[in-house]
Amino acid sequence: EMQEKFDTALAEKQKLQDDADTTKKKMESANALIGGLSGEKVRWTQQSKEFDDQISRLVGDCALACAFLSYLGPFNKTFRDKLVLTYFLSDITERKLPHTKSLDIASMLVDSATTGEWNLQGLPTDDLSIQNGILTTRASRFPIMVDPQGQGP
């Protein structure tokens with residue numbers, strides 16, 4: 001009978017020890033997770049601020065993109081750049097619209113996967129050709145294109 005009580009107490013002790021070990025492992029995992037997430041908080045806060053800044057500049061950026069799509073189709077790259085940098089940007093600045101200082105309109109209007117697909121289909125990789133691709137696919141009206149390489153039909 002004494003041996004039986006001893007075995008029962010020993011089994012109970014082992015069960016409690018196993019539970020304690022399991023709980024300790026869970027606590028260590030939880031502490032590691034909390035430590036890892038505390039570093040993420042800094043990154044998330046920074047990304048949230050960057051996102052807020054991007055949203056605040058969206059009006060001016062969209063105005064530039066709309067001006068590009070609406071007015072710049074018939075011009076060559078040099079004149080397009082001059083119009084954007086001289087006239088459109090000064091107008092947006094004069095009206096105090098927040099905008100991205102060095103906005104790449106092409107990157108705003110089309111992603112790199114799309115331009116890569118266009119290149120695979122034979123579109124040259126120069127900026128003018130990419131801009132013409134954007135005007136062709138994104139404009140609501142029939143675009144007027146400049147083809148300096150003479151590659152069109």
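Helices here are DSSP runs of H or I, at least four residues long, numbered from the N terminus. In helix H2, Asp81 and Lys77 are four residues apart, so about one helical turn separates them. The model is predicted.

The side chains of Asp81 and Lys77 meet in a salt bridge, 2.7 Å from N to O. Asp81 counts as partly exposed because its relative accessible area is 28%, within the band between under 20% for buried and over 50% for exposed. Lys77 is partly exposed too, at 22% relative accessibility.

Three salt bridges were found in a search of the whole structure. Another of them joins the side chains of Glu40 and Arg43, at 2.4 Å from N to O. Both residues lie in helix H1, three residues apart, or about one turn of the helix. Glu40 has a relative accessible area of 26% and is partly exposed. Arg43 is likewise partly exposed, at 39%. The side chains of Arg95 and Asp91 also form a salt bridge, with an N to O distance of 3.0 Å. Here Arg95 is exposed, at 57% relative accessibility, whereas Asp91 is partly exposed, at 32%.

The search of the whole structure returned one aromatic pair. It consists of Phe75 and Phe79, with ring centres 4.9 Å apart and planes at 65°. The pair is edge-to-face because the angle between its planes is over 60 degrees. Phe75 is partly exposed, with 28% relative accessibility. Phe79 is also partly exposed, at 33%.

Trp44 belongs to helix H1, which spans residues 2-71. At 46% relative accessibility, Trp44 is partly exposed.

Thr100 sits in the loop between helix H2 (77-94) and helix H3 (105-109). Its side chain makes a polar contact of 3.0 Å with the side chain of Arg57. Neighbours within four places in sequence aside, Thr100 is in contact with Arg57 and Asp61.

Gly133 is placed in helix H5, residues 127-138. Gly133 counts as buried because its relative accessible area is 10%, and the cut-off for buried is under 20%. Along the chain, Gly133 and Gln121 are 12 residues apart, and 12 Å separates their C-alpha atoms.

Conventions:
Residues are numbered from 1 along each chain as its sequence is written. This is a predicted model: local features need pLDDT of at least 70, side-chain atom pairs count only at pLDDT 80 or more; totals for chains, interfaces and linings use all residues. Side-chain values use heavy atoms; hydrogens and water are left out. Rings of Phe, Tyr and Trp (its six-membered ring) pair if their centres lie within 6.5 Å; planes under 30 degrees apart count as stacked, over 60 as edge-to-face and the rest as tilted. Buried means under 20% relative accessible area, exposed over 50%, partly exposed in between (1.4 Å probe, protein chains only). Helices (H or I, at least four residues) and strands (E, at least two) are DSSP runs, numbered from the N terminus. A polar contact is a pair of N or O atoms within 3.5 Å; within protein, one must be able to donate a hydrogen and the other to accept it, and residues adjacent in sequence count only if both atoms are side-chain atoms. Contact means heavy atoms within 4.5 Å. A salt bridge is a side-chain nitrogen of Lys or Arg within 4 Å of a carboxyl oxygen of Asp or Glu.
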